[in-house]
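Morning, everyone. I have one structure to go through today, so let me put it on the screen.

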Amino acid sequence: MSEPGQPEQTPKIKEARQFPWQLGVSVAIWILLALMLIVSAFGDSSNSASDDASLGQLKELNITTNTAGNTAQHTTIWMLLGFATLMMALLLLIGQGWARHVLAVLALGAVVALAASGRVVETGFAFLALVLGTVLLLPPSVYRYLRGE
(Lines give C-alpha, C1' and ligand atoms only; values in the text may rest on other atoms or scores of the structure.)
Protein backbone atom coordinates (compact mmCIF):
# COMPACT_ATOMS: atom_id res chain seq x y z
CA MET A 1 0.00 0.00 0.00
CA SER A 2 1.12 3.52 -0.50
CA GLU A 3 1.18 6.24 2.08
CA PRO A 4 -1.61 8.84 2.12
CA GLY A 5 -0.99 11.66 -0.33
CA GLN A 6 1.19 9.59 -2.67
CA PRO A 7 -0.19 8.23 -5.92
CA GLU A 8 -0.54 4.48 -6.03
CA GLN A 9 2.14 2.89 -8.19
CA THR A 10 1.06 0.22 -10.56
CA PRO A 11 3.52 -2.51 -11.50
CA LYS A 12 5.02 -2.19 -14.97
CA ILE A 13 3.51 -4.58 -17.41
CA LYS A 14 5.81 -5.68 -20.20
CA GLU A 15 4.34 -4.69 -23.55
CA ALA A 16 3.86 -7.32 -26.19
CA ARG A 17 6.45 -7.31 -28.93
CA GLN A 18 5.13 -5.87 -32.14
CA PHE A 19 6.04 -7.76 -35.31
CA PRO A 20 7.96 -5.38 -37.61
CA TRP A 21 6.58 -5.12 -41.13
CA GLN A 22 10.13 -5.09 -42.54
CA LEU A 23 10.70 -8.58 -41.21
CA GLY A 24 7.50 -9.83 -42.83
CA VAL A 25 8.38 -8.34 -46.22
CA SER A 26 11.92 -9.69 -45.98
CA VAL A 27 10.67 -13.20 -45.21
CA ALA A 28 8.26 -12.97 -48.16
CA ILE A 29 11.17 -12.02 -50.44
CA TRP A 30 13.27 -14.92 -49.17
CA ILE A 31 10.38 -17.34 -49.73
CA LEU A 32 9.91 -16.04 -53.29
CA LEU A 33 13.62 -16.56 -53.93
CA ALA A 34 13.39 -20.12 -52.59
CA LEU A 35 10.39 -20.90 -54.78
CA MET A 36 12.13 -19.40 -57.82
CA LEU A 37 15.15 -21.64 -57.21
CA ILE A 38 12.99 -24.74 -56.86
CA VAL A 39 11.02 -23.89 -60.02
CA SER A 40 14.31 -23.25 -61.86
CA ALA A 41 15.44 -26.73 -60.92
CA PHE A 42 12.28 -28.28 -62.36
CA GLY A 43 12.36 -26.02 -65.41
CA ASP A 44 15.85 -27.22 -66.27
CA SER A 45 14.72 -30.69 -67.34
CA SER A 46 12.05 -29.29 -69.69
CA ASN A 47 14.68 -27.35 -71.64
CA SER A 48 16.67 -30.45 -72.54
CA ALA A 49 14.68 -31.13 -75.75
CA SER A 50 15.26 -27.62 -77.04
CA ASP A 51 18.93 -27.86 -76.05
CA ASP A 52 19.28 -31.08 -78.06
CA ALA A 53 17.73 -29.39 -81.10
CA SER A 54 20.10 -26.43 -80.71
CA LEU A 55 23.09 -28.77 -80.48
CA GLY A 56 21.94 -30.53 -83.64
CA GLN A 57 21.77 -27.23 -85.51
CA LEU A 58 25.22 -26.25 -84.28
CA LYS A 59 26.70 -29.59 -85.39
CA GLU A 60 25.22 -29.06 -88.85
CA LEU A 61 27.13 -25.78 -89.01
CA ASN A 62 30.34 -27.51 -87.82
CA ILE A 63 30.41 -25.49 -84.62
CA THR A 64 31.80 -27.38 -81.68
CA THR A 65 30.26 -26.83 -78.28
CA ASN A 66 31.49 -27.54 -74.83
CA THR A 67 28.76 -29.40 -73.00
CA ALA A 68 30.75 -29.94 -69.84
CA GLY A 69 28.19 -28.02 -67.75
CA ASN A 70 26.02 -30.80 -66.40
CA THR A 71 22.46 -29.61 -65.95
CA ALA A 72 21.84 -32.33 -63.36
CA GLN A 73 24.42 -30.71 -61.10
CA HIS A 74 22.74 -27.32 -61.51
CA THR A 75 19.38 -28.88 -60.76
CA THR A 76 20.70 -30.38 -57.54
CA ILE A 77 22.36 -27.13 -56.50
CA TRP A 78 19.21 -25.10 -57.13
CA MET A 79 17.05 -27.60 -55.26
CA LEU A 80 19.38 -27.59 -52.26
CA LEU A 81 19.66 -23.80 -52.26
CA GLY A 82 15.89 -23.45 -52.65
CA PHE A 83 14.98 -25.78 -49.79
CA ALA A 84 17.70 -24.38 -47.51
CA THR A 85 16.51 -20.82 -48.22
CA LEU A 86 12.93 -21.82 -47.50
CA MET A 87 13.88 -23.42 -44.17
CA MET A 88 15.98 -20.41 -43.11
CA ALA A 89 13.18 -18.00 -44.05
CA LEU A 90 10.76 -19.94 -41.88
CA LEU A 91 13.26 -19.93 -39.01
CA LEU A 92 13.62 -16.18 -39.39
CA LEU A 93 9.85 -15.83 -39.32
CA ILE A 94 9.66 -17.53 -35.93
CA GLY A 95 12.32 -15.22 -34.52
CA GLN A 96 15.63 -17.01 -35.04
CA GLY A 97 17.87 -14.01 -35.74
CA TRP A 98 20.93 -16.03 -36.71
CA ALA A 99 19.10 -17.22 -39.84
CA ARG A 100 19.50 -13.78 -41.45
CA HIS A 101 23.24 -14.38 -41.85
CA VAL A 102 22.70 -17.80 -43.42
CA LEU A 103 20.07 -16.36 -45.78
CA ALA A 104 22.52 -13.77 -47.09
CA VAL A 105 25.10 -16.47 -47.82
CA LEU A 106 22.51 -18.72 -49.49
CA ALA A 107 21.28 -15.85 -51.67
CA LEU A 108 24.83 -15.05 -52.72
CA GLY A 109 25.32 -18.72 -53.62
CA ALA A 110 22.12 -18.61 -55.65
CA VAL A 111 23.31 -15.53 -57.54
CA VAL A 112 26.62 -17.21 -58.36
CA ALA A 113 25.01 -20.54 -59.37
CA LEU A 114 22.43 -18.86 -61.59
CA ALA A 115 24.98 -16.55 -63.18
CA ALA A 116 27.32 -19.48 -63.88
CA SER A 117 24.53 -21.26 -65.74
CA GLY A 118 23.70 -18.22 -67.85
CA ARG A 119 20.22 -17.53 -66.51
CA VAL A 120 20.07 -13.75 -66.72
CA VAL A 121 16.53 -13.06 -65.51
CA GLU A 122 16.76 -15.44 -62.56
CA THR A 123 20.18 -14.03 -61.63
CA GLY A 124 18.77 -10.50 -61.61
CA PHE A 125 15.86 -11.56 -59.40
CA ALA A 126 18.17 -13.42 -57.03
CA PHE A 127 20.44 -10.38 -56.73
CA LEU A 128 17.46 -8.11 -56.10
CA ALA A 129 16.20 -10.54 -53.44
CA LEU A 130 19.66 -10.58 -51.83
CA VAL A 131 19.79 -6.79 -51.61
CA LEU A 132 16.18 -6.14 -50.57
CA GLY A 133 15.92 -9.09 -48.21
CA THR A 134 19.09 -8.07 -46.41
CA VAL A 135 18.42 -4.31 -46.30
CA LEU A 136 14.95 -4.84 -44.85
CA LEU A 137 16.54 -6.65 -41.89
CA LEU A 138 18.65 -3.62 -40.91
CA PRO A 139 16.20 -1.35 -39.01
CA PRO A 140 16.62 -1.27 -35.22
CA SER A 141 13.04 -2.45 -34.70
CA VAL A 142 13.87 -5.72 -36.48
CA TYR A 143 17.00 -6.20 -34.34
CA ARG A 144 15.01 -5.58 -31.17
CA TYR A 145 12.32 -8.01 -32.25
CA LEU A 146 14.81 -10.75 -33.12
CA ARG A 147 16.64 -10.24 -29.80
CA GLY A 148 13.38 -10.63 -27.94
CA GLU A 149 13.13 -7.11 -26.59
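I will begin with the largest nonpolar core, which has 31 residues; the ones that touch the most other members are L23, W30, L33, L37 and L92. The elements giving two or more residues to this core are α1, residues 21–46, α3, residues 71–93, α4, α5, residues 120–135, and α6, residues 140–147. Which of them gives the most? That is α1, with nine residues. Keep in mind that this is a predicted model.

What does L33 touch, if we do not count residues up to four places away in sequence? The list is T85, A107, F125, A126 and A129.

Next, Q22, which is in helix α1. Is Q22 buried or exposed? Its relative accessible area is 13%, and the cut-off for buried is under 20%, so Q22 counts as buried. With neighbours within four places in sequence left aside, the contacts of Q22 are L136, P139, S141 and V142. Of the elements I listed for the core, α6 spans 140–147, and S141 and V142 are among the residues that Q22 contacts.

Last, A116. This residue is in helix α4, which covers residues 99–116. Relative accessibility for A116 is 62%, and exposed means over 50%, so A116 is exposed.

Technical notes
Residues numbered from 1 in each chain as written. Predicted model: local features only at pLDDT ≥ 70, side-chain atom pairs only at ≥ 80, totals over all residues. Heavy atoms only, no water. Helix = DSSP H or I, 4+ residues; strand = E, 2+ residues; numbered from the N terminus. Buried < 20%, exposed > 50% of the residue type's maximum accessible area, 1.4 Å probe, protein only. Core = buried A, V, L, I, M, F, W, Y, C linked by side-chain atoms within 4.5 Å. Contact = heavy atoms within 4.5 Å.
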